Amino acid sequence: MQSTLVLDQGYQPHRIVSWQRAVLMLFDGKVEVVEEYSDDVRSVTISIKMPSVVRLLRAVRGKRGVKFSRMNVAIRDGFKCQYCARKLPLGQLTYDHVVPRASGGKTSWENIVMACFPCNGRKGHKSPSQIGMKLLKAPVRPAWLPVVAFKADPSLSVPETWLNWVYWHGKLEQDE
Ligand SMILES: [Zn+2]
């Protein structure tokens, strides 16, 4: 299914929606089309190109928190095991409770990092300091996530028409 990249008013990646949702937003006058796919969307009365990138016409109100999910934790951690720093596809990474569940560690942004299976196994039910393992960085709840993360996972692909709009964010990732 084709997705549409939604930019905020300032042309920064905001979120990703289905193209159907993007068409509804377009008809509601909420967005303008920035890039199109070559496919047509047809109905009885209209025929338009399927929107690939759209821009919100109004400022985004309030900031929604980033949802806690496997994908979003992986994006935050740059698809890297937070112990050995190996960059891996999502399928080869697992949740690691920094403070083990057995010691009351929660499944939350502040206590979950991505780890490769060997590191996760080595750590077992201990805390990192107990066995001399060090985290790349302390886990925090992110205020937002860069869209470039979709490029970081080789199993996910970004439509060509998005590249102009997510390109600058590549720098952010390298700065880390
Ligand atoms: Zn590892």
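This is a predicted model: local features need pLDDT of at least 70, side-chain atom pairs count only at pLDDT 80 or more; totals for chains, interfaces and linings use all residues.
Let's start with the metal. The zinc ion has C81, C84, C116 and C119 as its protein donors, each through SG, lying 2.3 Å from the ion. Donors here are N, O and S atoms within 2.8 Å of the metal (3.2 Å for Na, K and Ca), and since water is not among the atoms, sites may look incomplete. The angles among the four donor atoms run from 102 to 115 degrees, and the site is tetrahedral; for four donors, that label asks for all angles between 85 and 135 degrees. For reference, the ideal angle for four tetrahedral donors is 109.5 degrees.

Along the chain, the zinc donors follow the spacing C-x2-C-x31-C-x2-C. C81 sits in the loop between α2 (70-76) and β5 (93-97), and C116 is in strand β6 (residues 112-116), so this pair ties together parts that are 35 residues apart in sequence. Helices (H or I, at least four residues) and strands (E, at least two) are DSSP runs, numbered from the N terminus. C81 and C116 are both buried, C116 at 1% relative accessibility, whereas C84 is partly exposed, with a relative accessible area of 36%. Buried means under 20% relative accessible area, exposed over 50%, and partly exposed in between (1.4 Å probe, protein chains only). As for disulfides (pairs of cysteine sulfur atoms within 2.5 Å), the structure holds zero.

Now back to the rings. There are two aromatic pairs in the structure. Rings of Phe, Tyr and Trp (its six-membered ring) pair if their centres lie within 6.5 Å; planes under 30 degrees apart count as stacked, over 60 as edge-to-face and the rest as tilted. F68 and Y95 make a tilted pair, 5.8 Å centre to centre with 40 degrees between the planes. This pair links distant parts of the chain, 27 residues apart: F68 is in the loop between β4 (47-56) and α2, and Y95 is in strand β5. F68 is partly exposed at 26% relative accessible area, and Y95 is partly exposed at 24%.

F68 also pairs with W109: the ring centres are 5.4 Å apart and the planes stand at 90 degrees, so this pair is edge-to-face. W109 belongs to the loop between β5 and β6, so its pairing with F68 ties together parts that are 41 residues apart in sequence. W109 counts as buried, at 2% relative accessibility.

Next, head to helix α1 (residues 19-27), where W19, A22, V23 and M25 are buried. These residues cover an arc of only 160 degrees around the axis, which puts them on the same side of α1; the arc is that of the directions from the helix axis to the C-beta atoms. Their cover includes β1 (3-7), β2 (13-18), β3 (31-42) and β4, with contact meaning heavy atoms within 4.5 Å. After α1 comes G29, which has a positive phi, near 75 degrees.

One last stop is G10, in the loop between β1 and β2. G10 is partly exposed, at 48% relative accessibility. G10 and R55 lie 45 residues apart in sequence, yet their C-alpha atoms are 8.5 Å apart in space.

Conventions:
Residues are numbered from 1 along each chain as its sequence is written. Side-chain values use heavy atoms; hydrogens and water are left out. Four donors count as tetrahedral if all angles lie between 85 and 135 degrees; four count as square planar and six as octahedral if opposite donors are over 155 degrees apart and all others between 65 and 115; anything else is irregular.
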